[in-house]
Amino acid sequence: MTDVPSRYSLQIGDGIHLDLPSGYDQETIMDSYFWRFMNHSCEPNATVEGRQVKAVRDIGPGDEITFHYNTTELDMSEPFDCECGSALCEGRIAGFAHTTREARARIRPWLAPHLAGRVPAAEGGKGTA
């Protein structure tokens, strides 16, 4: 764990990011750090809840498992222009702190607890952005 986000880390709490320690073999990485290989989608088929990945819709054999990066990351270390192809594509993915009010409303069901508290009370949340 680290308090600094990286290109491959996964934020699981306020200032808490899982990252891959050095020295692991490929099999261990695939078994224990599989989230590192999950890609972003603006219409994901999974969500990340702490250290668990849960399907939000059916995932068939051979389907890529995706999640919405803005649902776990407050401020990404390497923002990017999304090319997921969804009609709901948000374009620039930079972390929850950079989302619009509309985007926050759409991704609210998938938000990690450390981000849910940052939804302004005026938008149905408990905290502030």
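**Reading the labels on this predicted model**

Reader: Why does His114 count as buried?

Author: Buried means under 20% relative accessible area, exposed over 50%, and partly exposed in between, with a 1.4 Å probe and protein chains only. His114 has 11% relative accessibility, so it counts as buried. As for the ground rules, this is a predicted model, where local features need pLDDT of at least 70, side-chain atom pairs count only at pLDDT 80 or more, and totals for chains, interfaces and linings use all residues. Residues are numbered from 1 along each chain as its sequence is written, and side-chain values use heavy atoms, leaving out hydrogens and water.

Reader: Happy with that. Where is His114 found, and what does His114 touch?

Author: His114 sits in helix 3, residues 113–116; helices (H or I, at least four residues) and strands (E, at least two) are DSSP runs numbered from the N terminus. Leaving aside residues up to four places away in sequence, His114 touches Gln11, Ile12, Gly13, Asp14 and Thr72, where contact means heavy atoms within 4.5 Å.

Reader: What does the side chain of His114 reach at 2.8 Å?

Author: That would be the backbone oxygen of Thr72. A polar contact is a pair of N or O atoms within 3.5 Å; within protein, one must be able to donate a hydrogen and the other to accept it, and residues adjacent in sequence count only if both atoms are side-chain atoms.

Reader: Why are strand 4 and strand 5 said to pair?

Author: Two strands pair if DSSP finds at least two bridges between them. Strand 4 (residues 46–49) and strand 5 (residues 52–55) have four, in the antiparallel sense.

Reader: The protein has three helices and eight strands. Why call it as compact as a globular protein of 129 residues?

Author: The globule rule is 2.2 Å times the number of residues to the power 0.38, and the radius of gyration is taken over C-alpha atoms. The rule gives 14 Å and the radius of gyration is 15 Å, which is close, so the protein is as compact as a globular protein of that length.
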